[in-house]
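Open the model in your viewer and get your selection tool ready. We will go from stop to stop, with something to pick at each one.

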Amino acid sequence: MKLTSDEQDMLDGKHGKAIRKSMEILATLGEIFEAECMVDVGSVQIAGVSYTNLGEAGLEFLSDMAEDGKVKVLTTLNPAGMDRENWKALGINEEFAKNQVRVIDAFAKMGIITTCSCTPYFIGNVPHFGQHIAWAESSAVCYANSVIGARTNREGGPSALASALTGKTPKYGYHLDENRQGQVSIKVKAQVRGTDEFGVLGKAIGDRLINLGKNVPFITGIPSATVEELKSFCASIATYGGTALFHMEGITPESDRYPKPEGNVLEVNQKDLEKARSELVDVCPEVDFVSVGCPHASISEIEKIAGLLKGKKVKKEFWITTARPIKKIADEAGYSKIIEDAGAKFAADTCCVVAPIKGRFKGMLVDSAKACYYGRASNKFKVRIGTVEECVEEATK
Ligand code: F3S
């Protein structure tokens, strides 16, 4: 791989230890994926922030990097294991909280904005069309590539941090035109509406892609989709299909940029959606936990929840997971008061998957297909998907 003289200096340690280590990580990745060169990135999002995932070994790596590393580009974090202000009310223990703070402090020392969210595009970490970036959270990667038209591979925690400290990433994968072309056409022959249904659609298409061994679908038959529906779809198709980029005719910005995929057009119909939905509903004797905001809730989702909760009281644990800046807007708009008066809880900076709540609840109701997957796999809950209205109804009954 060709390096510029500046990049070579970084690799030779002329800009310090953390940058040398970072360039080693990026150069190794570049060699593995046969990148010809590095490319400048304009934004970074780092995953692997929860102390549960990092442990002491991960924290040691971060502390080493923080000794002399400073970020070169705007960098934000994925959700952490707890709400940084409200962790006690969410039942997080003190020992975990202390360790999570050590993690966040190490990131802060490097100049990283310590807002922890999987929707960086709602909170000011917004790339422009065609910009090269290095993001790590799978749903955000899919959103950045597909909905915004920025260019990123799905980075791991260390490679995203390395990009933040150097401002570079190896130019391979979705940074190149030739890998952004649709590989298979999928026609949706059903009406899809709401975050839960778009999540179900993401699972139906994602499962199909895994069987086909294809990564980039070209999707037709969706007349319109809101930002919230698209974020839910991104999270789901990334979870079930490993998809980091899709094109949706008439909706996503690169859908008419490349030739249409050759070969048969596959159909996803109402029956396929019903099958996918049935796979997201466990036999669940009791729902004792409801969570909305996977990926992190937008201000309009919070407005909607406030409207549904107004004047009611929740009877079971109900979390609204979002980015802290969005929570602040909800505070100003008066939505937080309505929600908290009803007894529901904001879980900012975190979510129902990365918080250390494994086994704490029996049954979880969500409007997110991704949360169903990880609620089962990581937290050992029985899960059920429903609309936002059904989530509020369940929480208050
Ligand atoms: Fe975000 Fe947590 Fe869902 S990180 S995408 S809210 S699983």
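Start by selecting K327 and F346: the charged end of K327 sits over the ring of F346, 5.1 Å from the ring centre. A charge sits over a ring here if NZ of Lys or CZ of Arg is within 6 Å of the ring centre and within 35 degrees of the ring normal.

A word on what you are looking at: this is a predicted model, in which local features need pLDDT of at least 70 and side-chain atom pairs count only at pLDDT 80 or more, while totals for chains, interfaces and linings use all residues. Residues are numbered from 1 along each chain as its sequence is written, and side-chain values use heavy atoms, with hydrogens and water left out.

Next, the aromatic rings. The whole structure holds eleven aromatic pairs, where rings of Phe, Tyr and Trp (its six-membered ring) pair if their centres lie within 6.5 Å, and planes under 30 degrees apart count as stacked, over 60 as edge-to-face and the rest as tilted. Select Y121 and Y143: their ring centres are 3.7 Å apart and their planes meet at 5 degrees, so this pair is stacked. Y121 lies in the loop between α4 (94-109) and β4 (134-135) and Y143 in helix α5 (residues 138-148), so the pair ties together parts 22 residues apart in sequence. Helices (H or I, at least four residues) and strands (E, at least two) are DSSP runs, numbered from the N terminus. Both Y121 and Y143 are buried; buried means under 20% relative accessible area, exposed over 50%, and partly exposed in between (1.4 Å probe, protein chains only).

Now pick Y240 and Y373, whose ring centres are 5.6 Å apart with planes at 90 degrees, so the pair is edge-to-face. This pair links Y240 in helix α8 (residues 227-241) to Y373 in helix α13 (residues 369-377), 133 residues apart. Y240 counts as buried at 10% relative accessibility, whereas Y373 is partly exposed at 36%.

For a group of rings, select F289, W319, F361 and F381, which form one aromatic cluster.

Last stop: the cysteines. How many disulfides are there? The count is zero, with a disulfide taken as a pair of cysteine sulfur atoms within 2.5 Å. Select C234 and C142: the C234 sulfur has its closest cysteine sulfur in C142, 3.9 Å away, which is too far for a bond. Then try C372, whose closest cysteine sulfur, in C294, is 8.9 Å away and also too far for a bond. C234 is buried, with a relative accessible area of 0%, and C372 is buried with 0% as well.
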